[in-house]
Amino acid sequence: MRKIYTFLIGLSILSMSLAGCGAGGGSTEQSVGPSAHIHTWADPTYTWSDDYSSCTAERVCTQDSTHKESETANSTYIVVAESDCETDGLGRYTVTFKNSAFLTQTHDTVIEAFGHNYQFDSFVWTDYTAQVKYVCSRDSSHIEYYDAIVTSKVTTSPTCENSGIKTYTATYDGHSDTKTEVLSALGHNWGTPTYTWSDDYSSCTAERVCLNDSTHKESETANSTYIVVAESDCETDGLGRYTVTFKNSAFLTQTHDVIIEASGHDYQFASFVWDTSVAGAYTAQAKYICSHDNSHVTYFNATMTSTITATPTCENTGIRTYTASY
């Protein structure tokens, strides 16, 4: 354009020169239209469509605003950075024009974080407390935990010999789960043993009853042995002892003492003991010795009578005979 424009100007000047060189050396006037100009373009403007699917570039000549160049081109779209549950992403529209005067244009848009979509996953037990695990369906690395409500009850009671079961139930937002705990058997809770002797003390029966269940019993009957702990005598009671020992170590050795009654004296007549220390006043006692113990002696006053069994004479002594009786 610049070369053509210059050429036209030169041609006009040449025309004008030729006209001025007419016969007689006179001059001739000729009118000329407005001369062409060089475009001086302002910076382009770029207008995006509302949905950024296209962009229109335009530039206007500063010498003549009716002189314009414009081009509309469709955009391409790429995701520069993905959004996730918590972080916004970035999308980019790009448009490239055929006219090299128009620069490639981009428009970035925010791809909003789409937020979590937590879904129930499972219950997580710690001993006998529980939390509910929720996992985001959009990103399984996003996890939330919430405390569950836990209740419990004994579903199988333990006995002395058998274990029981305690069931824990966790609930949260319509979900539930259970966990069981084994309860140890109670073991027997034995009461104090009782001991019952036979009437003649020849045996003894031991028994103990479980306080948790009275149908649970242990019993054992054992024969006794007998010894004389202290002999009785005529006057003093003695002591006899029955002893029984059980095989079950839970039952203590038992003893039962019996009184061996004093036998009492069995006095037998032994003799009369005379006291002749006073002349004419003879006395006598009956001596009795215990047949159980000859150291036990007792005396009883005898009944005395006397008669002259030989009458004395002038020359001969007489005899008085004393008779003791008891």
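## Contacts, sheet and surface of a predicted chain

Of the contacts in the chain with a separation of 6 or more, 35% are between residues 24 or more positions apart. The structure is a predicted model, and its secondary structure consists of one helix and 23 strands. The chain has 326 residues, of which 18% count as buried. Its accessible surface comes to about 22400 Å², and carbon and sulfur atoms contribute 49% of that area.

One part of the chain forms an open sheet of three strands, ordered β10-β11-β12 with antiparallel pairing. Strands β10 and β12 are the edge strands, each pairing on one side only. From one strand to the next, the twist averages 20°. Strands β11 and β12 run antiparallel and are joined by nine bridges. Within this pairing, Ala-170 has Asp-177 of β12 as its bridge partner.

| Strand | Residues |
|---|---|
| β7 | 118-126 |
| β10 | 149-156 |
| β11 | 164-172 |
| β12 | 175-183 |

Strand β7 includes Val-124. Together with Ile-143 and Tyr-145, Val-124 makes a nonpolar surface patch of about 230 Å². Val-124 counts as partly exposed because its relative accessibility is 32%, a value between the 20% limit for buried residues and the 50% limit for exposed ones.

Notes. Residues are numbered from 1 along each chain as its sequence is written. This is a predicted model: local features need pLDDT of at least 70, side-chain atom pairs count only at pLDDT 80 or more; totals for chains, interfaces and linings use all residues. Side-chain values use heavy atoms; hydrogens and water are left out. Helices (H or I, at least four residues) and strands (E, at least two) are DSSP runs, numbered from the N terminus. Buried means under 20% relative accessible area, exposed over 50%, partly exposed in between (1.4 Å probe, protein chains only). Contact means heavy atoms within 4.5 Å. Accessible areas come from the Shrake-Rupley method with a 1.4 Å probe; for residues, only the protein chains shown count as cover. Two strands pair if DSSP finds at least two bridges between them. Axes are lines fitted to C-alpha atoms, for helices over the stretch in contact, and angles run from 0 to 180 degrees between N-to-C directions. Patches are made of residues with over 30% relative accessible area and no salt bridge: like charges are joined within 9 Å, nonpolar side chains (Val, Leu, Ile, Met, Phe, Trp, Tyr) within 5 Å. A salt bridge is a side-chain nitrogen of Lys or Arg within 4 Å of a carboxyl oxygen of Asp or Glu.
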